[in-house]
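Please take a moment with the sequence and the three-dimensional model shown here, and then follow the paragraphs below through it.

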Amino acid sequence: MADTPVLTLYNTLTRSKEPFRPIDPDNVRMYVCGPTVYDFAHIGNARPVIVFDVLFRLLRHVYGENHVTYARNITDVDDKINARALRDFGAEIENGTLSLNEAIRRVTEKTANQFHADIAALGAMQPTHEPRATEFVQPRDDGKVDMITLILRLIERGHAYEANGEVLFDTRSMADYGDLSKRNLDEQQAGARVAVDAHKKNPGDFVLWKLSSPEEPGWDSPWGRGRPGWHIECSAMSAAYLGETFDIHGGGLDLIFPHHENEIAQSRCAHGTKVMSNVWMHNGFLQVEGRKMSKSEGNFYTISELLEEEKFGGRKWPGEVLRLAMLMTHYREPIDFSVKRLEEAERLLAKWPADGNAAEGRVDESVLAPLRDDLNTVAAIQALHALAQCANSDPLMLPIFAASAELLGVVPRKAEVSKALEDSIDTIIQLRLEMLKAKNFTEADKIRDDLAAKGVQLKDGKDPETGERVTTWEVKR
């Protein structure tokens, strides 16, 4: 392999930016927590998908396409999923035509398929592996790591115990529990999402296995018919495909505690390793128009709604616009997802050429360098825009721009102008010329930008005989 460029990543575990040194450069391994498919994915779910898709592309570029393994799970066992199955298929379950587990599968198949369609529209590549939690509960024929075997191992090693129909992880059994979130056990007694129950040895102990009622999905286990806790799922699936220790674990900032903290505890104690993942990366929170996104606030949007419906800003938004808008903020910073930001991304895309062949080009160092510096997509996009300006005037730069844009996954699409718009362009151009004559430059610029967003580029010139302004147009994205 050619000389490997230096890559630095911010590690939440050490709270510092560090040179990235893979365990095995021939097999760089990354795990990212995927969706819980009880409902359609919202725009906040899109951020880690996009962020770690860029990292996946970068790792493939640096180490080779066949030397990176990316696993992203699907959580298809969850109390919200159970509730959705009972809501949508309660009558069929009641009359016996459908079992609860079958109803749950129908719910999760629909939502998982929608998730895949949504993220494909956002330009995300498929991960190498996409395990479903329900397929890793019990011991498997292929011998891959499963949840029940992991729990048995934790009990054998003195890190877990049975109480009141549950199996719980004993947080006091791990000397450095809390190292990722920097929270000690005493601080966690009233911590977020920590249930304090009488049957726990310690307030911070968390569930590995819980019994299921007849109305809940369940699997046979040494502790009775039940279902796994949330955290043990990722410990099993990451080990199944990446090994006991791997390179990078990613997810949203909200997962640091308790989810990722508890993943570390389970995995390290079950396998007897010093670390679970060498690098922990977390993307920042997302707000919508300056407010926390929630259904009660009326600002909750699914990815499919943004793509297919006119709910946000009174229009639909192309997937490449949504993706670019996300990447215009550094992944570790909070992002304000707004109509203004989307319009800005759309205007930028309208200025980029869409006719370059990435296969004939190479990624320009001006784009690659900031990405190698803790995935600085903000600086990379600025460099990409400069390349676009060069490519617009020099066709020899088109393949370089295309290859660089592909690394970010923001390749602009050629615009398709509708016949209705094409028929009205001359009238719109005449209106703009009248605005310019009246020195109403703000409105004239708005007309130009609106057409650019629809893939129509205006070109101003002068009539050689009269000297008057003449405007022509072409389709260009």
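Which helices each supply at least two residues of the lining of the largest cavity? They are α1 (43–63) and α8 (319–327), where helices (H or I, at least four residues) and strands (E, at least two) are DSSP runs numbered from the N terminus. Before going further, note that this is a predicted model, in which local features need pLDDT of at least 70 and side-chain atom pairs count only at pLDDT 80 or more, while totals for chains, interfaces and linings use all residues. Residues are numbered from 1 along each chain as its sequence is written, and side-chain values use heavy atoms, with hydrogens and water left out.

The structure holds 2 cavities of 30 Å³ or more, a cavity being a set of points, on a 1 Å grid over the protein atoms alone, where a 1.4 Å probe fits but cannot get out, with lining residues having an atom within 4 Å of a point. Grid points are joined across faces, edges and corners, and a volume is the space filled by probe spheres set on the points; for the largest cavity, that volume is about 60 Å³. Its lining is made of R47, V51, V54, M326, L327, T329, Y331, L375 and T377, and the largest share, 3 residues, comes from α1. By kind, the lining residues divide into 6 nonpolar, 2 polar and 1 charged, where Ala, Val, Leu, Ile, Met, Phe, Trp, Tyr, Cys and Pro count as nonpolar, Asp, Glu, Lys and Arg as charged, and the others, Gly among them, as polar.

Turning to the strands, 4 of them form an open sheet with parallel pairing, in the order β4-β3-β9-β10; two strands pair if DSSP finds at least two bridges between them. Because β4 (68–72) and β10 (277–283) stand at the edges with a single partner strand each, one side of each is left without a neighbour in the sheet. Neighbouring strands of this sheet are turned against each other by 20° on average, direction ignored, with axes taken as lines fitted to C-alpha atoms, for helices over the stretch in contact, and angles running from 0 to 180 degrees between N-to-C directions. Strand β9 (residues 246–252) runs parallel to β10 and is joined to it by 6 bridges, and G252 has N283 of β10 as its bridge partner. Helix α6 (residues 256–271) packs on the sheet, touching both β9 and β10, and its direction makes about 160° with that of β9; contact here means heavy atoms within 4.5 Å. P258 has its place in helix α6, and a cis peptide bond with omega of about 5° joins F257 to P258.

Some positions carry annotations from a record. An unreviewed UniProt entry places the feature "binding site" at C33, C234, H259 and E263; UniProt positions are given in the numbering used here, feature names are shortened, and annotations may be inferred rather than shown by experiment. These residues span 231 residues in sequence, yet no two of their C-alpha atoms are more than 11.0 Å apart, so they gather at one spot. Of these, C234 is found in helix α5 (residues 230–242).

Strand β11 (residues 286–288) pairs with β13 in the parallel sense over 3 bridges, with V288 standing opposite F337 in β13. In the loop between β11 and β12 lies E289, whose phi is near 50°, a positive value in a residue other than glycine.

Definitions and conventions. On a 1 Å grid over the protein atoms alone, a cavity is a set of points where a 1.4 Å probe fits but cannot get out, and a pocket is an open set with protein on both sides within 12 Å along at least five of seven lines; lining residues have an atom within 4 Å of a point.
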